[in-house]
Amino acid sequence: MMRGAYYTATGNTFLVVDSRERKLSDMEKRLLVLKYVDGRDGAIFVERDFMDYYNCDGNRAAFCGNGARTYVYFIHEKEKRNLVEFSSHAGNVLGKVDDLVSVRMPSPRFLGTFEEEDYSGEIVVVGVPHLVIEGDTDKVDWNALLPLRHLYDANINVFTVKKEGSLRIRTFERGVEGETGACGSGATSVVWLYSRRTGCEKVILQANGGDLTVSFRDGSAYLGGGVEKCSEELELQL
Ligand SMILES: N[C@H](CCC[C@H](N)C(=O)O)C(=O)O
């Protein structure tokens, strides 16, 4: 019997499966995702020292920043540890619980710029690919952006600078195929570009589901924010 529960990380919603005692096959993971994610954005498989992540469409993604923060929160809850180190398909992750739940993110990689009819921006990988577009977050037409979502097989982030060090961000997530409450790797992609442009080393992002903080220290990007458990424990039938 596998046990799980639902969590939200700044509005990014997840099924968390406690797989510390029993590793599941890819087929078993896909089955649990399609059966139990039930409208959340994805599923986090908490394995011993490893996080596996699936989007709600049943496909694996290499990384999930808010998912990594939820992994850290889960281990903190169950094993009473404030420092949590684990690996993922995008490399090792260091996590910490203090007033925020924070993780060191995979190093951002710049892939280039894009220029289409009405939109232009940059392509950044933070474990997973993101398009970053500076624009009016009050007037986002996701339907008009769908061709870009598929052309680059990437998540799409639109951001506005509210004031120095304070951004508004909205994200359309691959594998959810819709706008989510927040996206940690997307937030990190946006801030990495903004920081290279302005030198700003700590940024608060207002996502739909709450605030995320991205800061840079010793060349690494750290993502911080809240995490909440929002259901009782469930018994998951394979
Ligand atoms: N919400 C996640 C991103 C999930 C990535 C997934 N949507 C994909 O790239 O396939 C985050 O907080 O980083």
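This is a predicted model: local features need pLDDT of at least 70, side-chain atom pairs count only at pLDDT 80 or more; totals for chains, interfaces and linings use all residues.
Local features require pLDDT of at least 70 and side-chain atom pairs pLDDT 80 or more, while totals for chains, interfaces and linings use all residues. Residues are numbered from 1 along each chain as its sequence is written, and side-chain values use heavy atoms, without hydrogens and water.

The ligand is surrounded by 14 residues, each with a heavy atom within 4 Å of it. Asn 55, Gly 65, Asn 155, Gly 184 and Ser 185 are the closest. By class, this shell holds 5 nonpolar, 7 polar and 2 charged residues; Gly counts as polar, and Asp, Glu, Lys and Arg count as charged. Domain 1 (2-103 + 226-236) and domain 2 (109-225) both contribute to the shell, so the ligand lies between them. The domain bounds come from an automatic or database assignment.

Polar contacts are pairs of N or O atoms within 3.5 Å. A polar side-chain atom of Asn 12 is 2.8 Å from a ligand nitrogen atom. For Glu 173, a side-chain N or O atom lies 2.9 Å from a nitrogen atom of the ligand. Arg 174 places a polar backbone atom 2.8 Å from a ligand nitrogen atom. The ligand alone exposes 360 Å², and the protein buries 99% of that (Shrake-Rupley method, 1.4 Å probe).

Notes. A polar contact is a pair of N or O atoms within 3.5 Å; within protein, one must be able to donate a hydrogen and the other to accept it, and residues adjacent in sequence count only if both atoms are side-chain atoms.
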